[in-house]
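Let's take a look at how the parts of this protein model touch one another. Keep the structure open next to you and follow along.

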Amino acid sequence: MLDGSDPFVCFRNVQKSYDGETLVVKNLNLEIESGEFVTMLGPSGSGKTTCLMMLAGFETATHGEIELGGKPINNIPPHKRGIGMVFQNYALFPHMTVAENLTFPLKVRGMSSGEIDEKVGRALDMVQMRFFADRKPAQLSGGQQQRIALARALVFEPELVLMDEPLGALDKQLREHMQYEIKHIHENLGVTVVYVTHDQSEALTMSNRIAVFDDGVIQQLADPVTLYEKPENAFVAQFIGENNTLAGTVTSLSGGVASVTLDSGDAVKALAINTDGKGSATQLSVRPERCVVTPKKKAGLSSLKGRIEELIYLGDHIRCRMTVAGNDEFIVKVPNTADQLGLQIGAEPYVGWQTDDCRALDVKDA
Amino acid sequence: MNATQPITAADGTPLKKKLAQAMFRSKLRAAGLVAPLLAFVLASFIFPIFALMWQGVHNNTFERLMPNLTEELRVWDGLSEPTEEMYTLLVADLRQNRADKTIGRVASRVNQELAGTRSLFTSTARKAAKLEPPYRDALIKTKKKWGEIKVWQAMKLTNQSLTPGFYATSLDAVYTVDQGFIMKEEKRQIYTKLFIRTLMISGSVMLLCLLLGYPVAYLLATLPLKYSNLLMIMVLLPFWTSLLVRTTAWIAILQSQGVVNDILVWVGIAADDSRFSLIYNMTGTIIAMTHILLPFMILPLYSVMKTIPPSYMRAARSLGATPTRAFIKVYVPQTIPGMGAGGLLVFILAIGYYITPALVGGQDGQLISNMIAYHMQKSLNWSLAAALGGILLGGVLILYWAYDRIIGIDNMKLG
């Protein structure tokens, strides 16, 4: 096996263009350790699926090198890469039974029938589908097909498994259930997984690390906590979780803290994460659950006067839409505690947050 | 609720009756909409087919035109000497036929049963008015053949309106008065050989269409739209061109002084004095029919292939299969409905093909339909044509049934 320092999968300066005019993937560098669960997350058209297809061998990199286990694989055809893959529509062969589908990769490898039976049985047990071995894929529900696709990608014991939005076609409840199942299988087998999705909660649930893609570039590569708590730019802050933004201009910088004058004239302090220095435009980012609504200004918090526009009762919390510093989409999640604040539409309380929870980021032009 | 009791609507009438009432108007409207087509199909398709099929087993020319003799022939055992009574009635009928100018039809009908009897009837009928009893001797004096028992046996057979004789002939057998069905001797068999040849040519055409059409359909289904549209036009263009034009084009290409032979001679593969005969034989028929029927294979195949997402092939390859293996094990089995539909379509069309073999088939490229056309137009033996057609129709139905049993007709995709 590999020693810890060598990455198992490595993208080096990879570029991809389909038409020779625009780059779908721009200078991608990504290292994945053995046994890791890495998710490529991004909106459609961000280049994440293209990256996966290049790794699987169905697309060729226009420039750069992809390495697997220390060896360049640019010129190795897909069937020799030994990478398991789960497709978006499962791609179970409709003319074969479940067992035949699972047997396929083993037969191709010329295994003996005893060995095949044992491995197929084990793979079916893993996804709790042993009793469905003789069914055709069309006789299975979406969730069951999903399990078989997973079992088929794992039955030949690849070291790397790629998953291309495998849960996209399932309903919400089943999707969440399958997320845990995939996570557990990954933990039990210790296989390396590269997962592509546009669903951020899916990515947060399962991944060791998440690569957020936009416009063919990895915007941020980090573990779920860092990604959510410390987004490095406005795109990531917007894409992961809910986020309130306030536009302003940096007036001074000192010790990593920026003083920002908002477009409405109010002055606040924020962590300077991604600004171009004094005098530049910036976008402040505050998570809705990190804001508090107080009747009066509270010491130690940056507080702005707001106006409640809408209240939505969600049981565990109350979702409160406010106008703050000209932004009428400012959301505050107010915990449903015993001491109700008596929130009312039209009321004008203060909204406050700690300076550490407010991040000054680049201005996203979208 | 009691399960045995019929469910009733709110007003107490049984639900089934209520439903039928509710649906009656819409059913009536639907029936009204299809009625013109149904009438047209009945009048122009179903009825003529059954009328012609009926002719294959029923021909009452003799019975109708020889009203005096017919009863006597029916009771005759077919082996003993014909009686004077029969000769008398024959003369009476011949006189009547001469007067009605129907003798030609009677003569033709008997001639179908026993070759060489046509002139016997026509010439005897001319002299019938002057014949004096006893008629047996008078007739034999006119034509010696009247004394032969086989002439009478032929008349007895033709007298039988509802007859298996035409089907027997279609299968190269003879229906006799005394011995039932007897196969014709080997060298006089035509129709069975022709049926077998028809099946062989249709089978070859189907296989060639599959071999040639499969890659084209694959390209059509997988190429980018820009190219596949162009290819589709190239597939459809001949489809829209007149059959006759395409067939004559093949004559220009394949004849011994044609394009292909000229090129072969120029390249040096064939000598100028021994050019290949590519047309007016079975080769010509197969080449031209394959070309003409190719779209019928390509289109169903294409429509099936279009629905196979590329991810199946990708999945197979990611599981470790070489491109060839993935294609054979994963792609091809999924195109079976298309192959079945295309194959069946081409085979059934080929089995009844007529114009192309007639134009480019020469002697050994003729199909059974050319023989049917011959009997319809030249020999005017419609009953035999109907019997041959009936066997062809039966064959197609058997094939269809076999296909349904093996592959399943609902598996078929025509587009």
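In this predicted model, 23 residues of chain A are in contact with 18 residues of chain B. Putting the chains together buries about 1,800 Å², and 67% of that area comes from carbon and sulfur atoms.

What joins the two chains in terms of charge? The rule finds 1 salt bridge across the interface of chain A and chain B. Its partners are the side chains of E59(A) and R314(B), at 3.7 Å from N to O. There are also 4 residue pairs in polar contact between chain A and chain B, counting pairs with both residues at pLDDT 80 or more.

Now for the pieces of chain A that do the touching. Both β6 (83-86) and α2 (98-108) of chain A supply at least two residues to the side that touches chain B. The largest share, 4 residues, comes from α2(A). Sorted by type, that side of chain A has 16 nonpolar, 3 polar and 4 charged residues.

Next, let's stay inside chain A. Y228(A), P231(A) and A234(A) supply 42% of the area that domain 1 of chain A buries against domain 2, more than any other three residues.

Between these domains you'll find 13 residue pairs in polar contact (both at pLDDT 80 or more).

| Salt bridge | N to O distance |
|---|---|
| E59(A) with R314(B) | 3.7 Å |
| E229(A) with R290(A) | 3.1 Å |

Strands β17 (residues 317-324) and β18 (residues 327-335) of chain A run antiparallel and are joined by 7 bridges. Which residue of β18(A) is the bridge partner of M322(A)? F330(A) is that partner. The hairpin has 2 residues between the strands, and A325(A) takes a positive phi near 50 degrees.

Key. Residues are numbered from 1 along each chain as its sequence is written. Chains are lettered from A and ligands numbered from 1 in the order in which they are written. This is a predicted model: local features need pLDDT of at least 70, side-chain atom pairs count only at pLDDT 80 or more; totals for chains, interfaces and linings use all residues. Side-chain values use heavy atoms; hydrogens and water are left out. Buried area is the accessible area (1.4 Å probe) that two parts lose on being put together, summed over both. A salt bridge is a side-chain nitrogen of Lys or Arg within 4 Å of a carboxyl oxygen of Asp or Glu. A polar contact is a pair of N or O atoms within 3.5 Å; within protein, one must be able to donate a hydrogen and the other to accept it, and residues adjacent in sequence count only if both atoms are side-chain atoms. Two strands pair if DSSP finds at least two bridges between them. Contact means heavy atoms within 4.5 Å. Ala, Val, Leu, Ile, Met, Phe, Trp, Tyr, Cys and Pro count as nonpolar, Asp, Glu, Lys and Arg as charged, and the others, Gly among them, as polar.
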